[in-house]
Amino acid sequence: MTRLGFLFARTFRREAPLAALSLPEEALLARFATERIALVGNARSLSQAAFGPEIDAADLVIRLNRAPMPAAASHGTRTDALALATSLQAEALERLAPRLTLWMSPKRKRLQWHVASRRGFYLHSRADYEDLKRRLAAPPSTGLMTIDLLARSRAASVTLYGFDFFASLSLTGSRTAAQVPHDFGAEARFVQALLESDPRFTLRGSPG
């Protein structure tokens, strides 16, 4: 697809041409199979920890949105996959250099050509988004959509870092929980249920 064709499909909400740019979900999940995955959230509290070496020791490191890494000691240095639901400048994306770039938002008009045209691009399905939104009774965050996706994979393990469900706010902004559209109480309960039912999942650090 050309850039002009992409802009046309995005503007007029033509889902099929956009989906044609994407890895199939089955192919993406196959990339996760048997891997020890570190999923790094953007909670400010992670900056006070020293999980960086542990994060970098994972087989696959997934970060979210603008992927802040204030220090290697707390956050590690690698970005193998980036799950996005916000705009990101091309230079910033090149600097992170993820092998996989996941567009998780149902808002296709926010999707940028330099994201969609990358090798290893994945477009998260609207159906999966709507199903998770129904279960939470609120729009899911990028982190929770990624957790839900990983739960359907055959990953060997998934360790969550930097998830305190907005108790310490986000490294990428100053908004409070009341100023964002997510229900972090519902998301915390979702993750707790997953931790109790799926031994592959571990939460590092204390939520709240």
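The model is predicted, with local features needing pLDDT of at least 70 and side-chain atom pairs counting only at pLDDT 80 or more, while totals for chains, interfaces and linings use all residues. Residues are numbered from 1 along each chain as its sequence is written, and side-chain values use heavy atoms, with hydrogens and water left out.

**Stop one: aromatic rings**

Start by selecting F6 and W113. They form a tilted aromatic pair, 5.3 Å centre to centre with 50 degrees between the planes. (Rings of Phe, Tyr and Trp, its six-membered ring, pair if their centres lie within 6.5 Å; planes under 30 degrees apart are stacked, over 60 edge-to-face, and the rest tilted.) The pair links distant parts of the chain: F6 sits in helix α1 (residues 3-11) and W113 in helix α7 (residues 113-116), 107 residues apart. Helices (H or I, at least four residues) and strands (E, at least two) are DSSP runs, numbered from the N terminus.

Is F6 buried or exposed? F6 is buried, at a relative accessible area of 0%. (Buried means under 20% relative accessible area, exposed over 50%, partly exposed in between, with a 1.4 Å probe and protein chains only.)

Now pick F8 and F12, another tilted pair, at 4.8 Å centre to centre and 40 degrees between the planes. F8 is partly exposed, at 43%.

**Stop two: N65**

Go to N65, in the loop between β2 (60-64) and α5 (72-75). At 18% relative accessibility, N65 counts as buried. Show its side chain together with that of T142: the two make a polar contact at 3.3 Å. (That is a pair of N or O atoms within 3.5 Å; within protein, one must be able to donate a hydrogen and the other to accept it, and residues adjacent in sequence count only if both atoms are side-chain atoms.)

**Stop three: A155**

Next, select A155, in the loop between α9 (142-151) and β6 (157-161). A155 is buried too, at 3%.
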